[in-house]
Amino acid sequence: ASKPAGGGDLVVRGRIETELVLPEAGEAQDGLRFDAPGFGSLGTGAATGTDAAGRTVAGRLAFDGQHVEYRLPADFVAGGAYPLVLDPLFNFTFVVATDFVETAPDATSDASTNTHFIVWQRQFASGDYDIRGQRVDPSMLFIGGTVFIESDASVNALHPRVGDMNNANRFIVVWTDSTGFLQGQIKCRAVSATTGAVSAKASVGPTSGLNTNPDVGCEAQEIYDKAIVVWQALNSTTLDFEVMPADVTVPVSGTPSVVSTVTLGSGFDDTEPSISSHDLFGNQMVVWKRAFSSGDTEIRGAVVDRNLTVVDPAINITNNTTWESAPAVGGDGYNFIVAYETEPTEASGDKDVVAMRVRVVPSGQYLPTGTTINLDVGVLNSDRPDVAWMYGGSALVVWRQEMLNGNYRFALASLDG
């Protein structure tokens, strides 16, 4: 392919014919959304231009009420190596549940059955919280009805997280059963990807004390049957939180069972744990927020193998004078992306989202590599990052961004591992 004749911007323009509710006309740098009220929406973002040498540029997007227009700048078109690709981002949103106050969603996918699974917490008018789930096919159509994961009215079921166990074609859902003041237990169930059948409930870790904020890292290889569940536990002596992982066997049928438990780090206040998932090489990274007596907070990490042996117990992902929190991690066992919030002035409300690469070195240690990646640093408040590792060796990072009008939107970035 060769450069087209003429000069100026490269413009791709198409007419829209739809029964969906149209967006307002004008420049649309935040994307366009065509709504089906009560069902969902179809959206598109500004195109990215990529030339044959791998150079990229952000395009522009506009809508005049009838036509969508994607535009790449003239200097990139003139100086780029051909063939050149204009690649717009499309997205489809759909409504999963609206009957009650529905919050704290998480999702995963089972490759063998081509099934997605979404979990969330549901708040009833009585104040009770339960955990619900829904299987979804690749066309975003529901498979079966709502899955009732936790419906015990005597507890508040909070903070659900879900992962996929490829060996069993089952999902494992973890959450906190809050039973009273300073009392919380980590629970789990397995859900069949093919039938939606739910296993009996199992306890993970201590059955007394305050155990909260679970996350789960699962196994990509079909010959292994263990997930790793991580959570924060209150030490009743020091009154600090500690990060605790457990390896949990998820059989093809029956109830998951805990094999062993360890503690990662002690002597500090460690909270907000997150674990990578679907590792290919047997190692998973756990990251968390560590609070020091000075008031400073940093991001720390450790790597464990699938048998819960600690491979690297102490990874200093950040070590500076700003306040870091809400870490999330994805990786393949050797290479990881850690995304987190950073707040230059504590309690200012102005948070940014940044990321760091962590890689194994010949000595076997895992070390931060390169400089901090600024994903969203500016006047807008950005928070709540999450990371999904892609099998091609890259990561998708998503986070929430507060707009100037007080509404929120989600932003997405792709990073090489």
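**Surface patch, salt bridges and a pocket**

Trainee: Which residues form the nonpolar patch on the surface?

Mentor: Leu280, Phe281, Tyr334, Val360 and Tyr391 form it, with about 470 Å² of accessible area together. Patch members have over 30% relative accessible area and no salt bridge, with nonpolar side chains (Val, Leu, Ile, Met, Phe, Trp, Tyr) joined within 5 Å and like charges within 9 Å, and the areas come from the Shrake-Rupley method with a 1.4 Å probe, only the protein chains shown counting as cover for residues. This is a predicted model, in which local features need pLDDT of at least 70 and side-chain atom pairs count only at pLDDT 80 or more, while totals for chains, interfaces and linings use all residues. Residues are numbered from 1 along each chain as its sequence is written, and side-chain values use heavy atoms, with hydrogens and water left out.

Trainee: Where does Tyr391 lie?

Mentor: Tyr391 is in the loop between β31 (382-390) and β32 (394-402), where strands (E, at least two residues) and helices (H or I, at least four) are DSSP runs numbered from the N terminus. Its relative accessible area is 57%, so Tyr391 is exposed, given that exposed means over 50%, buried under 20% and partly exposed in between (1.4 Å probe, protein chains only).

Trainee: Switching to charges, how many salt bridges are there?

Mentor: The count comes to 21 salt bridges, each being a side-chain nitrogen of Lys or Arg within 4 Å of a carboxyl oxygen of Asp or Glu.

Trainee: What does Asp383 pair with?

Mentor: Asp383 forms a salt bridge with Arg400, at 3.0 Å from N to O. Asp383 lies in strand β31 and Arg400 in strand β32, so the bridge ties together parts that are 17 residues apart in sequence.

Trainee: Is that Asp383 buried or exposed?

Mentor: Asp383 is buried, with a relative accessible area of 8%, and Arg400 also counts as buried, at 15% relative accessibility. Elsewhere, salt bridges that share partners join Asp9, Arg13, Asp64, Glu69 and Arg71 into one network.

Trainee: And which residues lie nearest the centre of the second largest pocket?

Mentor: Gly209, Leu210, Leu234, Asn235 and Ser236 do, among the 13 residues that line this pocket. A pocket is an open set of points on a 1 Å grid over the protein atoms alone, with protein on both sides within 12 Å along at least five of seven lines, and lining residues have an atom within 4 Å of a point.

Note on methods. 1 Å grid on protein atoms, 1.4 Å probe; cavity = no way out; pocket = protein on both sides within 12 Å on 5 of 7 lines; lining within 4 Å.
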